[in-house]
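Subject: Structure handover

Hello,

Here is the structure I promised to pass on. My notes on it follow below.

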Amino acid sequence: MSAVHELRVELGARGYPIRIGRGLLGDAAALRALVPGQHALVVTDAHVAPHYLATVQAALSEKNVKALVLPPGEQEKTLARFGEVMAALAAMGASRDATVLALGGGVVGDLAGFAAACWMRGVRFVQLPTTLLAMVDSSVGGKTAVDLPQGKNLVGAFHQPAAVLADTATLDTLPERELRAGLAEVVKYGALGDADFFAWLEAHADALVARDAGALAEAIATSCARKAGIVARDETEQGERMLLNLGHTFGHAIETEQGYGGLLHGEAVAVGMVLAARLSADLGRAPWVDAARLAALLERLGLPTALPPGLSPEALLARMRLDKKALSGELRLVLWRGLGQAEVVDGIDPAAILAVLAD
Ligand SMILES: NC(=O)c1ccc[n+]([C@@H]2O[C@H](COP(=O)([O-])OP(=O)(O)OC[C@H]3O[C@@H](n4cnc5c(N)ncnc54)[C@H](O)[C@@H]3O)[C@@H](O)[C@H]2O)c1
Ligand SMILES: O=C(O)C(=O)C[C@@H](O)[C@H](O)[C@H](O)COP(=O)(O)O
Ligand SMILES: [Zn+2]
């Protein structure tokens with residue numbers, strides 16, 4: 001096994017380790033140690049299961065281990081699939097010391113995490129992320145949820161995992177489009193609060209797209225470190241954590257308006273970050289040159305930077321109003337003062353938002 005990065009989310013008694021390294025899923029003893037009780041439910045999807053489920057099940061073979069293999073994709077992050085996880089837990093007689101393991105990308109992680117938060121009012125939950133996006137973002141921080149047709153992640157809970165184990169060898173089978181989508185959330189950390197990391201990403205963009213193992217490991221570890229710090233300071237998004245939503249109010253509106261079958265989450269966030277940067281510049285809050293630098297990096301990473309055709313600005317703005325950061329119906333956006341300097345802004349004139357959406 002190559003070098004393992006060890007980080008920790010410092011949340012007192014609910015704190016937990018993040019381990020990042022090649023081959024971690026092959027460490028059967030370490031996997032077993034994450035399941036102290038007898039019941040384990042592995043939630044995964046049909047793309048991931050053929051590659052990695054048998055390894056996880058074999059490691060837990062002394063336990064009462066069951067697997068639920070769901071159809072893949074954002075369109076499956078629903079209350080109906082949540083109900084299937086509940087039914088699987090009931091069928092195996094899972095007790096309060098059960099562990100739910102999420103083996104997959106952010107869809108499986110959000111859904112399984114929400115199920116773990118709800119089963120018997122909360123059971124243990126372990127994240128085994130297999131996409132770049134899940135390794136750098138969704139497996140860390142305890143936001144769990146399902147989507148509604150009306151909006152992204154509208155039904156959910158904060159429920160921290162007991163551990164995150166990111167086996168970077170799983171990225172070998174990840175489709176290229178999914179890898180690029182994950183890079184959008186990596187860029188987000190530089191854009192929102194770390195201009196040096198942004199410059200590092202500019203210097204290593206080609207290596208990242210080429211799946212250079214060293215560059216990927218460093219990008220994952222830095223992203224997790226940034227996220228772990230923010231989550232430790234603001235677990236339930238009362239303030240600073242909102243910055244992790246850079247690009248998301250626009251991005252979620254795009255995903256919802258497309259019925260969760262258009263842009264991938266990371267792609268929508270890429271477009272959303274460019275729109276947030278352009279709006280910041282339009283409002284005179286940030287330099288245009290930084291918006292151009294952000295769009296240029298995302299383009300080099302093969303990510304979209306403009307709205308897909310056929311979306312109505314008015315419909316997108318209506319979707320944005322159901323964003324979870326909004327209070328009393330007042331839109332609240334994450335904008336920036338420039339690279340590495342994101343900020344939360346209230347009271348933005350809807351006409352300015354519509355202008356960016358229509359441009
Ligand atoms: N909770 C959070 O903090 C948080 C953060 C960011 C994103 N999210 C959520 O995460 C979701 C997006 O996650 P995602 O981008 O991982 O998408 P995903 O879970 O849909 O996975 C992407 C695709 O890759 C496949 N796949 C996964 N791992 C694979 C592997 N190793 N080899 C081959 N195929 C593999 C999946 O089957 C799927 O088709 C969205 O629902 C988003 O809202 C949550
Ligand atoms: O962890 C967070 O906080 C984030 O906002 C991370 C985002 O990348 C992620 O997409 C999250 O699920 C968005 O949450 P939401 O509360 O805006 O639905
Ligand atoms: Zn996101």
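The protein chain splits into domain 1 (5-173) and domain 2 (176-358), with bounds that come from an automatic or database domain assignment. This is a predicted model, in which local features need pLDDT of at least 70 and side-chain atom pairs count only at pLDDT 80 or more, while totals for chains, interfaces and linings use all residues. Residues are numbered from 1 along each chain as its sequence is written, and chains are lettered from A and ligands numbered from 1 in the order in which they are written.

Domains

The centres of domain 1 and domain 2, taken over C-alpha atoms, are 25 Å apart. Their contact involves 27 residues from domain 1 and 30 residues from domain 2; two residues are in contact if their C-beta atoms, placed from the backbone, lie within 7 Å. On the domain 1 side, helix 5 provides the largest share, five residues. Helices (H or I, at least four residues) and strands (E, at least two) are DSSP runs, numbered from the N terminus. By class, that side has 13 nonpolar, eight polar and six charged residues. Ala, Val, Leu, Ile, Met, Phe, Trp, Tyr, Cys and Pro count as nonpolar, Asp, Glu, Lys and Arg as charged, and the others, Gly among them, as polar.

Ligand 1

Of the 31 residues around ligand 1, those that come nearest are His-47, Pro-72, Gly-105, Gly-106 and Ser-138. A residue is near a molecule or strand if its C-beta atom, placed from the backbone, lies within 6 Å of it. Elements giving two or more residues to this shell are helix 4 (106-118), helix 5 (132-138), strand 8 (151-158), helix 6 and helix 10.

Annotated binding site

An unreviewed UniProt entry places the feature "binding site" at Glu-185, His-248 and His-265. UniProt positions are in the numbering used here, feature names are shortened, and annotations may be inferred rather than shown by experiment. These residues span 81 residues in sequence, yet no two of their C-alpha atoms are more than 10.3 Å apart, so they gather at one spot.

Glu-185 lies in helix 6 (residues 176-193) and is buried, because it has 27 C-beta neighbours inside 10 Å. A residue is buried if 20 or more other C-beta atoms lie within 10 Å of its own, exposed if 12 or fewer, and partly exposed in between, with C-beta atoms placed from the backbone. His-265, in helix 10 (residues 265-282), is buried with 26 such neighbours.

Regards
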